[in-house]
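Here are a few friendly notes to read alongside the model. Please keep the structure open as you go through them.

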Amino acid sequence: MTEAIQLVSAADSKFAPGLITALGSAVASASGRFDYHISVIDGGLTGNDWAQLESCLSRIGSLKGIPVSLARIPAAELSNSDMPMRRGSQLTYSRLSIPCFLKVPKLVYIDSDVLCLRGIEDFWTNSGHHILVAARDPLGMIRRDSFARRRLPSAKRGLPYFNAGIIGINCERWSMPENQRKIKELLPLADQFKYADQSLLNCAFHDEWHEIPDINNQVLSLRNCAGLDAVDPAANFHYVGARKPWLTSDSSAYRHPANLLFDKVHEWISGEAAPGRFVKEQSLADARGKMMLYRFLLRSRSREYAKVLESALQPEAVVDRLWMDWIARCGSESGAVRRA
């Protein structure tokens, strides 16, 4: 019997395009060695959103030659009085409940603002005795979150800080009373952490997670965006921040190539034409100003802004390299594996 990956995400209707792209690209990047059982925590998806998601995943599963099942979990089933609100919703904190709710040995959780040109299987295959499998965040170390730093002994403050946009979870360990107690003790303090539940998890499990390479969750910071021309094309890109690519047709200078890449992948997955996208003139002017300023303050940062400007004005080479590599891998990898 083929092993099945338990993949979980969450979204409302506002995040439906991101959800479709995250899950669709994860399945499109699959190796073919696993079936995919996908559960979505529904925080307000419409009937059309759900029908489109089902259609896209079915089509891509057929293309890859792998079974893909899809289950809907109403967010209300996970809500309880202990969960804090964030921006008027408990959906942000739903990943804290899902490992106990699903009653599976392990799962992979993915945010609905991730583009998977690599896929999520490294989070599944690297699971072991650790509670979490994750990649390091650009924040780097726990001490960069002042509230989390104060919650930990001084010897622990220099430990790596992980990004929770994609995590592998050992549900059996997560559900142990002592680990549930760690989470529940921190929940009343959630709004004091720099990055909500992500920082909460870093504080709770600072020495109980397994680190895998950043390429598995390439957070689109300035530095990472400046390096898109040389990054391994088999990477997952995490669109952190409020300006998601499906919510606007303009881009900041440093996000422009990454947003164009999202547009191409989303169009391939959903069949919806990508919008005409442009770079904001003010963002270009700001990047030029910072490039000049950092020449005198921090040359490495000045070079990052120079790279950002180059890619923003001529994004085709960056986008086409990543796109062509991924589309070739999508169509060729899994069929031979599954047939064998």
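1. Threonine 46 is partly exposed, at a relative accessible area of 35% (buried means under 20%, exposed over 50%, partly exposed in between, with a 1.4 Å probe and protein chains only). Threonine 46 sits in the loop between β2 (35-42) and α2 (47-64). Its C-alpha atom is 6.3 Å from that of serine 13, 33 residues away along the chain.

2. A word on the basis: this is a predicted model, where local features need pLDDT of at least 70 and side-chain atom pairs count only at pLDDT 80 or more, while totals for chains, interfaces and linings use all residues. Residues are numbered from 1 along each chain as its sequence is written, and side-chain values use heavy atoms, leaving out hydrogens and water.

3. The average pLDDT (the predictor's confidence in each residue, from 0 to 100) is 90, and 94% of the residues score at least 70. Please treat residues 332-340 separately: pLDDT stays under 50 there.

4. Have a look at α2 and helix α10 (residues 256-270), which pack at about 90° with their axes 9 Å apart. They are therefore roughly perpendicular (65 to 115 degrees). Gln52, Cys56, Arg59, Ile60 and Leu63 of α2 meet Trp268, Ile269 and Ser270 of α10, with contact meaning heavy atoms within 4.5 Å.

5. Finally, helix α12 (residues 299-313) has 15 residues and should span 21 Å at 1.5 Å a residue, which agrees with its end C-alpha atoms being 21 Å apart. The expected span is 1.5 Å times one less than the number of residues. Buried residues in α12 include Tyr305, Val308 and Leu309.

Technical notes: Helices (H or I, at least four residues) and strands (E, at least two) are DSSP runs, numbered from the N terminus. Axes are lines fitted to C-alpha atoms, for helices over the stretch in contact, and angles run from 0 to 180 degrees between N-to-C directions. Angles under 35 degrees count as roughly parallel, over 145 as roughly antiparallel, 65 to 115 as roughly perpendicular and the rest as oblique.
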